[in-house]
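Subject: Structure for you to look through

Dear colleague,

I am handing over the structure that I have been reading, and below it I have written down what was found. Please keep it open while you go through these notes.

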Amino acid sequence: MTKRKLWQLLWRHYRTLLLTAGGVLLLVGIKEGYSIAHNPSRYVAQNVSSFALMEATHLRMETVVAIIVSLVLGVALFLSDNFTNFNQYLFSLPVARKQIYRRKIGLLIGMLVSAYMLAEAVFGLIAWRVLAKQQVRIDWLTTLYEELGILAVMLVF
């Protein structure tokens, strides 16, 4: 069995779970973007001309949801096989277990990173559109560093 066939088999089996997690992250990013539109004072202090897209507590709802989704998705991806007996099928294939594990981890990390980055892009776009009207400049470099740190924590979970 080729690597591509194994990837396709795993994708077909897990796509509902992975796409649901990606959709949740995207919806939370949209919700966070519109929350800054309704209440920009949570993100921008008075008389500030430049800021990073983080709350004063450095803990947004999107961060909490992303960590929870990554933890739940990781557990569900590996434990659901026991309940559906999909693991017996996988282990009967002429593929090393290490390769199966690596493909599963690749799917997990790929979906989490792409969904989180898409959610952050949507959030940043909505926030930029709202805050540009208020003549507030976003410090994108600091925001990027914050998001990379959150992404690293999310991947650890």
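D81 is buried, with a relative accessible area of 1%, where buried means under 20% relative accessible area, exposed means over 50% and partly exposed lies in between, as judged with a 1.4 Å probe and protein chains only. This is a predicted model, so local features need pLDDT of at least 70 and side-chain atom pairs count only at pLDDT 80 or more, while totals for chains, interfaces and linings use all residues. Residues are numbered from 1 along each chain as its sequence is written, and side-chain values use heavy atoms, with hydrogens and water left out.

Which residue does D81 form a salt bridge with? The partner is K104, and the closest N and O atoms of the pair are 2.2 Å apart; a salt bridge here is a side-chain nitrogen of Lys or Arg within 4 Å of a carboxyl oxygen of Asp or Glu. The pair links distant parts of the chain, since D81 sits in helix α2 (residues 61-84) and K104 in helix α4 (residues 97-132), 23 residues apart. Helices (H or I, at least four residues) and strands (E, at least two) are DSSP runs, numbered from the N terminus. By the salt-bridge rule, the count comes to one.

If neighbours within four places in sequence are left aside, K104 is in contact (heavy atoms within 4.5 Å) with L10, Y14, L77, F78, D81 and L90.

L112 is found in helix α4 and counts as buried at 3% relative accessibility. Its C-alpha atom is separated by 9.0 Å from that of L73, 39 residues away along the chain. With neighbours within four places set aside, the contacts of L112 are L25, V69, S70, L73 and M154. V65 has its place in helix α2, and by the same rule V65 is in contact with V24, L25 and V28. V65 and L25 are 40 residues apart in sequence, yet 7.3 Å apart in space, C-alpha to C-alpha.

For the protein as a whole, the secondary structure comes to five helices and two strands, which run α-β-α-α-α-β-α from the N terminus on. Buried residues make up 39% of the 157 residues. Among contacts between residues at least 6 apart in sequence, 83% join residues at least 24 apart.

How many residues line the largest pocket, and which are the closest to its centre? There are 11 lining residues, and the closest to the centre are E120, W140, T143, L144 and E147. The largest share of the lining, five residues, comes from α4.

With best wishes

Notes: On a 1 Å grid over the protein atoms alone, a cavity is a set of points where a 1.4 Å probe fits but cannot get out, and a pocket is an open set with protein on both sides within 12 Å along at least five of seven lines; lining residues have an atom within 4 Å of a point.
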